[in-house]
Number of protein chains: 4
Amino acid sequence: MGVAGEQSLRRRVYRELEPEAREAPGLSWSNRALTVLILVAVFEAVVETEPLIAGGRELLFHLLEFSLGLIFLAEYAARLWIAVENPAYAKSRFPRLRYAVTPIAIIDLLAVLPSLFAFGGGGTLVLRFFRILRMLRLAKLGRTSRAWQAMIDAVYDRRYELTLTFAILLVATMMGGSLVYWAEADAQPEKFGSIPRAIWWAIITLTTVGYGDTFPITPMGKFFGGMFAILGIALFALPTGIFAASFSDALQRHRQSRVRDSEDAK
Amino acid sequence: MGVAGEQSLRRRVYRELEPEAREAPGLSWSNRALTVLILVAVFEAVVETEPLIAGGRELLFHLLEFSLGLIFLAEYAARLWIAVENPAYAKSRFPRLRYAVTPIAIIDLLAVLPSLFAFGGGGTLVLRFFRILRMLRLAKLGRTSRAWQAMIDAVYDRRYELTLTFAILLVATMMGGSLVYWAEADAQPEKFGSIPRAIWWAIITLTTVGYGDTFPITPMGKFFGGMFAILGIALFALPTGIFAASFSDALQRHRQSRVRDSEDAK
Amino acid sequence: MGVAGEQSLRRRVYRELEPEAREAPGLSWSNRALTVLILVAVFEAVVETEPLIAGGRELLFHLLEFSLGLIFLAEYAARLWIAVENPAYAKSRFPRLRYAVTPIAIIDLLAVLPSLFAFGGGGTLVLRFFRILRMLRLAKLGRTSRAWQAMIDAVYDRRYELTLTFAILLVATMMGGSLVYWAEADAQPEKFGSIPRAIWWAIITLTTVGYGDTFPITPMGKFFGGMFAILGIALFALPTGIFAASFSDALQRHRQSRVRDSEDAK
Amino acid sequence: MGVAGEQSLRRRVYRELEPEAREAPGLSWSNRALTVLILVAVFEAVVETEPLIAGGRELLFHLLEFSLGLIFLAEYAARLWIAVENPAYAKSRFPRLRYAVTPIAIIDLLAVLPSLFAFGGGGTLVLRFFRILRMLRLAKLGRTSRAWQAMIDAVYDRRYELTLTFAILLVATMMGGSLVYWAEADAQPEKFGSIPRAIWWAIITLTTVGYGDTFPITPMGKFFGGMFAILGIALFALPTGIFAASFSDALQRHRQSRVRDSEDAK
């Protein structure tokens, strides 16, 4: 195979692997297969930690993990190889190095490496950390879709409003937490004995999660807590609503530009 | 009664039972009666399982159930009989068989059969499964209304956006669950000792249900958990809002087409 | 005072007490005073039941209650007296009787009567029922405002959509409750041993209240429960959103008609 | 330095400190620095109360607090000094006194004073109250931004609708609380033995927080409680939705007027 043949193959692999370079709409077959493999790998990494399921089947899980790791390593190598085809890196002197230091390539590598080294028993924090690293593969899903871009656009478009409402929420949480701290610290020192503890209560109340691990018990604390719940939840609806509306707009724009692109291609 | 008489009766029964074939707006009287009977049957199936209510009245409930089962069996037979009138199946060689294998006819049969066989005492899983099968009658309610169609349209119209936001939610749930698993697994091995267990916590927090069976107790876990609650709930508002807006549009379209239909009929 | 003088006084009292007959915008002074008295009476009825506050001050509370009762009785008598001025009842042969049997007049009477009879000690259900009857005065607030009308309009405008979505919610609650009943009845017979008990769980989960008194503990129950929470909460957003949008429209219409009325009056 | 020099310096300080007087968009450098210092001071005040963090480092925290207090005192003095430049107070005979009695200046002073006096050990209510006073600095954040103004506008624009919906919520809470009080008072006198206690339950249910400290246990109480949860949460969505929409409008207006201002400035 001559240089021209290699270049032609590289170009074809580039069009296959890089969604931006693809002419037809949708994902290419290899990217679809990789999406499925990512989901399988994440499912495997999740299930592996549950002793009720994985107990006694450690070898099976390790083999599956290792095989998936080899495939993703091959994908990583392929993406390094085709980086020279990408116009974004082509101007650089070392296009492959340029690609290798992008956040996405680093995440790829970090997610692949733990799969290739066998880990012994034990449940240490370090081992657990490496297991979670493998979850980073999910971020690759984001790369092959446009969802993350729409989310980033949504936040960026309304950064002014979101900052304001988060500031209001911050002030409200501090004030509410402090008031209930003031009322409850004597009655429940373990749960409301400091403002950070009261802020945990305030966050769990404001988000309406309400685990029930901490709640006011004095009449004064219940009065402040009830007022805070009613007013605070209305406040919490502000950033959520603004973000949802902005995300909806961003998706609309993406959809329209996609339609326009496919019409231009005709 | 001659063949013509039977055909004329069959046609009238078809117009009575099939909402699509009815000329006047609204539900026919027999469909209204069946709707009431379905609600009675479901109420009976629900109440029958509660020993505080049904205790000592087993025979009464069995008789009611059996009578309702006979009525619904008659309805099933009638629908089989009139299937030849339905233009959708008329082209088929065996229109009644064609109707009998539609999902709705299978659900009908599955929901009717358990009512006709008496079940002895005991609370086995199989018996309980058959009891729940009877609930499938509720799906018949959907057939006589257009609500399910509007819901399916709503999901289909925004399948792209909903897939994206569910993917984001999936990633967020995995990441959030993994982070709190990392922080809490040593402190609460029973509740956060594996990622699937931490995902149960993440789902119950993200939906703001917050039963209080699992919640972080370490400072690190509370910090990650609080951040996750605040950001995650904003994420959860995305598919809910998209679906609600799309459902509202679909209902609007259905309403307009209904108005147009009734104007055309004039 | 002659008959003409009495009629002229009655007409003035009618314009003072009946918001619809008032020419100037807003509430008349006597209606404002009555609104404050209603709030005082409700506050008194609420606080009276709390032994930590009312203990030892029973006589004080009874005197206050009795005085307020006399004022509201006088108001009831005045409204009966002016009923003949109201065009809505004027055509009737017995306009005062016609007014006395309207739901609002009956609620007025029911709310006033318990205040005028002293009640001894004891906490029987009957006494408690009479105490709550006094809360009905709050419904009088609704009469003097237009909020209830806007709410009724909001529900009526979208009765079709709301019925559909409530039907969907009903089906979802039944299905979700039955599935978790199927999975959990053996593990938690006390909490999931019958479908009505499982429906209590389903309602508390669907509304995202999540008290934590009942929650699935088996892996199967947690899987179904988690799915149900995610999908069900999106369903629950449907009627809430439809109702909120419709209420907002109804308020807008009321506001515009009020502006138009006040412009016509000029 | 002559009078003219002092006036010129005062004018420059005024333009630096007063966002309204600033010509360029955004915050001046000194206001940015003050914002950061406010956040540091609040963070310090929060963390100081947590014995797990502050234990043994009391002196460090006291020094930091005292230094920050001096800076904020200097800022307070500077704002007093420049008050004569502000057109809003310039017409007054004593512009600085006029400024000193504005709510914001009083809050400033109240928030600064506790920082300048060392407080001994102990956890008395008074000490705790002074600690929380320092949180008032957060209100200064609001002054340098326009978020609070947008919120006040949002509430004011819809004061009529918000009053109505809060009245409806009040009535619903009272009615729901009373009904469940009626059903549960005998079974759980400690939790539902009076209407105020039942209202605590009603608020925690209506806001969907659901701590799980109080919930109905009798069949009647569960029936009323479930109905109340379903209907009440739809009601609670009304003021939240109205407020969120109005806040979004107010932000939009603020944004447009800011754009217009910056265009006029060109």
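# Chain copies, contacts and helix packing

Visitor: In this predicted model, by what turn can chain B be laid on chain C, and as by what axis are the two copies related?
Guide: Chain B can be laid on chain C with an RMSD of 0.1 Å.

Visitor: What percentage of the contact residues of chain B recur in chain C?
Guide: Chains B and C use different surfaces. Of the contact residues of chain B, the part that recurs in chain C is 9%.

Visitor: Which helix gives the largest share of the side of chain B that touches chain C?
Guide: The contact takes 34 residues from chain B and 28 residues from chain C. On the chain B side, α2 (29-48), α8 (125-133), α9 (137-144), α10 (147-157), α13 (195-206) and α14 (219-265) each supply at least two residues. The largest share is 7 residues, and the helix that gives it is α14(B).

Visitor: How do the residues on that side of chain B divide into nonpolar, polar and charged?
Guide: The side in question is the one of chain B that touches chain C, with 34 residues in the contact. Its residues divide into 21 nonpolar, 10 polar and 3 charged.

Visitor: How far apart are the C-alpha centres of the two domains of chain A?
Guide: Chain A is divided into domain 1 (3-144) and domain 2 (156-265). The distance between their C-alpha centres is 36 Å.

Visitor: At what angle do α4 and α7 of chain A pack, and is the crossing left-handed or right-handed?
Guide: Helix α4 spans residues 58-82 and helix α7 spans residues 103-116, and their axes lie 8 Å apart. The angle is about 145°. The crossing of α4(A) past α7(A) is left-handed.

Visitor: How do the residues of the contact of α4(A) with α7(A) divide?
Guide: From α4(A) come A:E65, A:F66, A:L68, A:G69, A:F72, A:L73 and A:Y76. From α7(A) come A:D108, A:L109, A:V112, A:S115 and A:L116. The division is 8 nonpolar, 2 polar and 2 charged.

How values were computed:
Residues are numbered from 1 along each chain as its sequence is written. Chains are lettered from A and ligands numbered from 1 in the order in which they are written. This is a predicted model: local features need pLDDT of at least 70, side-chain atom pairs count only at pLDDT 80 or more; totals for chains, interfaces and linings use all residues. Two residues are in contact if their C-beta atoms, placed from the backbone, lie within 7 Å. Helices (H or I, at least four residues) and strands (E, at least two) are DSSP runs, numbered from the N terminus. Ala, Val, Leu, Ile, Met, Phe, Trp, Tyr, Cys and Pro count as nonpolar, Asp, Glu, Lys and Arg as charged, and the others, Gly among them, as polar. Domain bounds come from an automatic or database domain assignment. Axes are lines fitted to C-alpha atoms, for helices over the stretch in contact, and angles run from 0 to 180 degrees between N-to-C directions. A crossing is left-handed if the near helix is turned anticlockwise from the far one by less than a right angle, and right-handed if clockwise. Copies are superposed by least squares on the C-alpha atoms of residues with pLDDT of at least 70 in both.
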